[in-house]
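User: I'm new to this one and would like to go through it piece by piece. Could you take my questions as they come?

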Amino acid sequence: MTNLAHNLARTAAQFPDHPAVILDDFVLSYSDLEHSVQQLAGWLRSQGVGEGDRVALMLPNVPTFPVIYHAVLALGGIVVPMNPLFKRREIEFYLRDSGAKLLVAMPGEEAQAATEAAGVQLMAVGPEGLSSWVHGEDATDPVTEVVERAGDDTAVILYTSGTTGRPKGAELTFDNLQTNLDTTNDTLVHLEPGDVVMGCLPLFHVFGMTCAMNTTFSVGAALTMIPRFDPAKALQVIERDQVTVFEGVPTMYGAMLAAAGAAEQVPDLSSLRLAVSGGSSLPLEVMRRFEETFDAAILEGYGLSETSPVASFNHPDRERKPGSIGIPIRGVEMKLATPDGEDVDAADLDAIGEICIRGENIMKGYWQRPDATADAIDADGWFHSGDLARRDADGFYFIVDRKKDLIIRGGLNVYPREIEEVLYEHPDVAEAAVIGVPHAELGEEIAAYVVLKPGAQVTADALIEHVKSQIAPYKYPRTVTLIPELPKGATGKILKRELREGE
């Protein structure tokens with residue numbers, strides 16, 4: 001029996017006065033954080049939240065996030081993290097698909113409309129934080145005993161998707177998350193109580209949730225937050241709070257370099273002992289310039305929502321290979337497979353195959369989607385990632401391409417099908433195809449190709465605004481190209497590769 005909420009309770013008992021969360025001038029100690037968790041868990045219990053109940057959490061990186069997260073887990077519930085930039089249609093889908101009992105979000109029309117449509121209770125958290133919920137008229141007795149859960153019980157449902165179909169909820173178990181945070185700390189970041197971790201990564205994303213929040217709280221280190229990433233602010237906070245470990249996606253490193261170059265003097269980041277990069281490939285030139293400017297080594301790794309997330313990494317005590325995602329972490333196996341499912345010969349160093357992963361980090365499956373689970377995890381327990389890579393003689397993996405049409409914009413996944421569906425909803429659109437195009441800062445940018453219905457007069461800018469009003473800001477296409485027809489194969493399938501070749 002286990003529960004991630006035990007980590008915080010144990011740390012609070014051991015280091016009650018240590019800072020747990022920092023947000024500018026606001027500092028929350030571990031004892032205060034644990035007290036808030038117990039108080040909020042009491043209120044949630046009064047609302048009927050218990051074992052197995054799903055609670056959707058749609059907040060930026062603010063101190064309220066870890067309070068809600070741990071309160072839900074302490075009751076034996078399941079956390080459903082969501083991007084706070086989501087619009088009504090996205091929120092409503094997540095709520096309906098997960099069967100969430102409650103949504104915790106900042107006050108706003110989108111969340112209000114979605115919860116009303118889905119018949120879900122909204123817990124709006126404003127500038128006053130949780131005080132109105134745990135200290136107001138409805139205050140209830142705190143929950144001081146954590147509900148025990150089995151290791152294979154679901155703790156978190158993280159939604160992800162391929163290029164077809166609607167988003168799928170990856171069920172991460174208590175064992176998945178606990179073993180991944182233990183391995184991350186024991187073998188990669190080596191956090192100690194005196195460390196300060198930079199919380200730029202969204203906590204609703206598995207990278208930030210596991211490698212920043214969960215790992216930090218398990219050892220009594222401090223997590224300093226920025227609700228929304230700003231490179232100049234990040235440099236200021238690193239210097240101000242003496243950050244020792246920075247975790248980010250490649251675009252953050254490039255942006256901080258640019259901000260440092262524009263500053264009157266280079267910020268003092270001498271407190272940094274380690275930087276970690278994931279989410280997409282880190283350009284070698286960005287790695288070189290960051291390390292040269294700030295004198296802090298960057299370790300690059302690889303993982304997915306379905307792998308809790310860390311699967312491979314460049315380890316700090318071994319050879320590091322720039323451009324590589326490293327080697328499998330403890331408790332994890334990796335291999336390359338051919339399109340017909342055969343293992344790629346390890347001796348063939350030029351061979352490219354799909355990355356397959358097996359181990360203690362692999363999700364239980366996709367929420368209420370046994371068909372999708374069977375497609376992703378084979379009979380031998382190998383999760384097929386959809387990413388293509390090669391492997392060198394030392395066993396280091398190098399990503400070369402993506403099997404799927406997934407777009408990674410600034411470290412965030414964008415799924416073409418979702419955008420295409422919104423475009424098709426416009427009355428003047430006959431056909432649409434969305435692709436990722438290279439971008440110097442973001443890695444990839446979103447581009448759409450549209451065929452209009454006969455006689456239609458809608459402009460490209462109007463179509464961009466149509467999509468922008470329906471989905472989160474990072475997803476809408478920055479360019480829409482109107483063309484007479486889309487390239488297609490003999491079966492009528494749209495040939496996106498020809499669109500990419502024309503870029």
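User: Is Gln368 buried or exposed?

Analyst: This is a predicted model, and in it Gln368 is exposed, because its relative accessible area is 60%, where exposed stands for over 50%.

User: Where is Gln368 placed, and what is its phi?

Analyst: Gln368 sits in the loop between strand S18 (365-366) and helix H12 (370-376), and its phi is positive, about 55°, although the residue is not a glycine.

User: What about Ser308, what is its phi?

Analyst: Ser308, which is also not a glycine, has a positive phi near 75°, and its place is in the loop between S13 and S14.

User: And is Ser308 buried or exposed?

Analyst: Ser308 is buried, because its relative accessible area is 0%, and buried stands for under 20%.

User: What kind of peptide bond joins Ser308 and Pro309?

Analyst: The bond between Ser308 and Pro309 is cis, with omega at about 5°, and Pro309 lies in the loop that runs between strand S13 (298-303) and strand S14 (310-313).

User: Changing topic, what is the strand order in the open sheet of three strands?

Analyst: The order is S23-S24-S25, and the pairing in this open sheet is mixed. Strand S23 (429-439) and strand S25 (479-482) are the edge strands, each pairing on one side only, and from one strand to the next the twist averages 25°.

User: In which sense do S24 and S25 pair?

Analyst: Strand S24 (residues 443-452) pairs with S25 in the parallel sense, over four bridges, and Val450 has Leu482 in S25 as its bridge partner.

User: Which strands does helix H13 touch, and which does H14 touch?

Analyst: Helix H13 (residues 416-424) packs on the sheet and touches S23 and S24, with its direction at about 145° to that of S23. Helix H14 (residues 460-468) packs on the sheet as well, touching S23, S24 and S25, and its direction makes about 135° with that of S25.

User: How do the axes of H13 and H14 cross?

Analyst: The axes of H13 and H14 come within 9 Å and cross at roughly 115°, and the crossing is right-handed. On the H13 side the contact is made by Ile419, Val422 and Leu423, while H14 brings Leu463, His466 and Val467. By class, five of the residues in the contact of H13 with H14 are nonpolar, one is polar and none is charged.

User: Moving on to H8, how many of its residues are buried?

Analyst: In H8, 14 of the 14 residues are buried, so this helix is largely enclosed by the rest of the structure. Helix H8 covers residues 206-219 and reaches 19 Å from its first C-alpha to its last, close to the 20 Å expected at 1.5 Å a residue.

User: What comes just after H8?

Analyst: Just after H8 comes Gly220, which takes a positive phi of about 90°.

User: Last topic: where does Lys403 lie, and is it buried or exposed?

Analyst: Lys403 lies in the loop between strand S20 (397-402) and strand S21 (407-409), and it is exposed, because its relative accessible area is 52%, with the cut-off for exposed being over 50%.

User: Which residues does Lys403 touch, and how far apart in space are Lys403 and Phe217?

Analyst: Leaving out residues up to four places away in sequence, Lys403 touches Glu354, Gly386, Asp387 and Leu388. Lys403 and Phe217 are 36 Å apart in space, C-alpha to C-alpha, and 186 residues apart in sequence.

Conventions. Residues are numbered from 1 along each chain as its sequence is written. This is a predicted model: local features need pLDDT of at least 70, side-chain atom pairs count only at pLDDT 80 or more; totals for chains, interfaces and linings use all residues. Side-chain values use heavy atoms; hydrogens and water are left out. Two strands pair if DSSP finds at least two bridges between them. Helices (H or I, at least four residues) and strands (E, at least two) are DSSP runs, numbered from the N terminus. Axes are lines fitted to C-alpha atoms, for helices over the stretch in contact, and angles run from 0 to 180 degrees between N-to-C directions. Contact means heavy atoms within 4.5 Å. Buried means under 20% relative accessible area, exposed over 50%, partly exposed in between (1.4 Å probe, protein chains only). A crossing is left-handed if the near helix is turned anticlockwise from the far one by less than a right angle, and right-handed if clockwise. Ala, Val, Leu, Ile, Met, Phe, Trp, Tyr, Cys and Pro count as nonpolar, Asp, Glu, Lys and Arg as charged, and the others, Gly among them, as polar. The expected span of a helix is 1.5 Å times one less than its number of residues.
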